[in-house]
Amino acid sequence: MIPSKDSEQTAGDQPAVSVYELVRHFGRFAALRGITSDFAAGKLYVVLGDNGAGKSTLLRIIAGLLPATGGEVRVLGAKDLRSAATRVGYMGHAPLVYDELDAMENLRYFAGLYGIHDDALCATAIARVGLDPMLKRRVGQYSQGMRQRISLARAVIHDPELLMLDEPFSNVDVGSAREMAKLLGHMRDEGKTVFVVTHQASILAPVADEAVLLADGLMVARERGMPEWMTQPHPAEALVARAHQEARR
Amino acid sequence: MSTAPLAKTPGLLEITLATLVKDFRLEWRSKDALNSMLFFALLVIVIFSFAFDPTAEESRRIAGGLIWVGVLFAAVVALNQTWARELRNQVLDAYRVSPAPAMSLFIAKAVGNFIFVTLLEIPMALLFVVFYNLRSIGPVYELVIVAVLATWALVVNGTFFAALSIRTRAREIMLPLILFPISIPALLAMVDATTTILTGESSPMGWIRLLAGYDIVFTTVCLMLFETVLNAE
């Protein structure tokens, strides 16, 4: 287990997410090899690691999209992840919206899945991510960046307590990515717990509470704030280099 | 944190209707299923009409088999499209993380497919009447009952097995491989019931009962197993 350096969590606080000895195999490949950790509520976690480190697998298990091969997950206190579904938002690597529908039609449908029937709310969610709710263009004709934004609007339409985002900034221009990061920071300030899997950690540096580093299916580091390894092209290597430096001292 | 939760678990009927409307809108805009299904069915009818040159009496004997085999092949096109549009952009994941009941998705897809295949059967039946000079000796309302039960038998299994095969690599090949063998009892009943009504030789009630029983059994099994199939990873 990698102990959190966060000591603010009191005994009465319930972690937003708890994972214990979490294991996931795909055939003979072990994507996760026993991760144990508690993640306090109301924080923004940046999950880093090279390709194949297990970041997306971890997120999909927490979101209830993928069953764990072994171990235990608790999300917002619930062991049965379905029972927490109304309080969880997930944005996948793909946009998770219909190309043939416009933004408003997409949000109307997905809001309905959460029992929400409020066009004004859908319009606000679209405007909040910097898109025009009145735009009648189908999502299939959007740029990649616009698709990512509508995907974010879909993920937050039901005002989830826990939000998980897998590569939200891929194909998004730097300015728009910073705007999205600012929005995620606001959500954290409102008390939401946010997990962001990304390779562009520097965009999140101003708002990140903790950086979590995965390598080969293991959680190899977890630190508060924005450690210097977080923004390196290969965080795991940067962390090893830092460990060597500390050992030499 | 939110003081009052905005989201709630939606009702079965509410999500079924919303998904059905959404699927019709997607189909209206893309016309992926209907165009290919109609074109395929038209081809089948034309090819059969060239291959056979039956008399009116022979037509009544073979039309049941030709119509239902044509419908079965054409329906596979629509059934594959059902889930293909949910896999594009991994939209199915958005449904799976939501509190919406899995059963709603299945019912909406099955009902949607039922309507699409029925829309295919109407022009197909009319073309058969024209190309094969087909006149039914038995009552037409019995043909309608057989058509409803037979179409449901095809789409309920087709929708389920299409969902089962979405995570396989060769899913378009996989669906007929699974669906056709399991549809043999229903296919036998629908063909014989149709032939019996067209020729007016005997009562089709035995075949109709078999079709109804098949529908009840497979609808129940599909509804019970769908959530497992949807979440299988």
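In strand S4 of chain A, Glu72(A) is the bridge partner of Tyr20(A). Five bridges join S4(A) to strand S1 (residues 17–26) of chain A, and the two run antiparallel. Helices (H or I, at least four residues) and strands (E, at least two) are DSSP runs, numbered from the N terminus. Two strands pair if DSSP finds at least two bridges between them.

The model is predicted: local features need pLDDT of at least 70, side-chain atom pairs count only at pLDDT 80 or more, and totals for chains, interfaces and linings use all residues. Residues are numbered from 1 along each chain as its sequence is written, while chains are lettered from A and ligands numbered from 1 in the order in which they are written.

**Three-stranded sheet, chain A**

- This open sheet has the order S2-S1-S4, with antiparallel pairing.
- Strands S2 (29–39) and S4 (70–75) of chain A stand at the edges with a single partner strand each, so one side of each has no neighbour in the sheet.
- Neighbouring strands of this sheet are turned by 20° against each other on average, direction ignored.
- Axes here are lines fitted to C-alpha atoms, for helices over the stretch in contact; angles between N-to-C directions run from 0 to 180 degrees.

**Six-stranded sheet, chain A**

- A second open sheet runs S5-S6-S7-S3-S8-S9, with mixed pairing.
- Its edge strands are S5 (88–91) and S9 (218–224) of chain A, and each pairs on one side only.
- The twist averages 15° from one strand to the next.
- S5(A) and S6(A) run parallel and are joined by four bridges.
- Gly89(A) stands opposite Leu163(A), a residue of S6(A).
- Helix H4 of chain A lies across S5 and S6, at about 165° to S5(A).
- Helix H5 (residues 174–189) of chain A also packs on the sheet. H5(A) touches strand S3 (44–48), S6 and strand S7 (193–197) of chain A, and its direction makes about 150° with that of S7(A).
- Contact means that the C-beta atoms of two residues, placed from the backbone, lie within 7 Å.

**Chain B as a whole**

- Chain B has nine helices and zero strands.
- Along the sequence, the pattern is α-α-α-α-α-α-α-α-α.
- The radius of gyration of chain B is 19 Å, close to the 17 Å that the globule rule gives for 233 residues, so chain B is as compact as a globular protein of that length.
- That radius is taken over C-alpha atoms, and the globule rule is 2.2 Å times the number of residues to the power 0.38.
- The C-alpha atoms of chain B fill a box of roughly 75 × 35 × 30 Å along the principal axes.
- Of the 233 residues, 44% count as buried.
- A residue is buried if 20 or more other C-beta atoms lie within 10 Å of its own, exposed if 12 or fewer, and partly exposed in between, with C-beta atoms placed from the backbone.
- Among contacts in chain B with a separation of 6 or more, 85% join residues 24 or more positions apart.

- The axes of H3 (residues 56–87) and H5 (residues 102–132) of chain B come within 9 Å and cross at roughly 145°.
- H3(B) passes H5(B) in a right-handed crossing. Handedness is right if the near helix is turned clockwise from the far one by less than a right angle, and left if anticlockwise.
- Residues in this contact include Ala63(B), Ile67(B) and Gly70(B) of H3(B), and Phe116(B), Leu120(B) and Met124(B) of H5(B).
- By class, the contact has 14 nonpolar, four polar and two charged residues.
- Nonpolar covers Ala, Val, Leu, Ile, Met, Phe, Trp, Tyr, Cys and Pro; charged covers Asp, Glu, Lys and Arg; the others, Gly among them, are polar.

**Interface between the chains**

- The contact takes 31 residues from chain A and 28 residues from chain B.
- On the chain B side, helices H1 (12–30) and H4 (91–97) are the elements that give two or more residues.
- H1(B) supplies the largest share of that side, seven residues.
- The chain B side has 14 nonpolar, six polar and eight charged residues.

- Asp159(A) has a phi near 55°. Its loop lies between helix H4 (144–156) and strand S6 (162–166) of chain A.
- Asp159(A) is buried, with 22 other C-beta atoms within 10 Å.
- Lys31(B) has a phi near 55°. Its loop lies between H1 and helix H2 (32–51) of chain B.
- Lys31(B) is exposed, with 12 other C-beta atoms within 10 Å.
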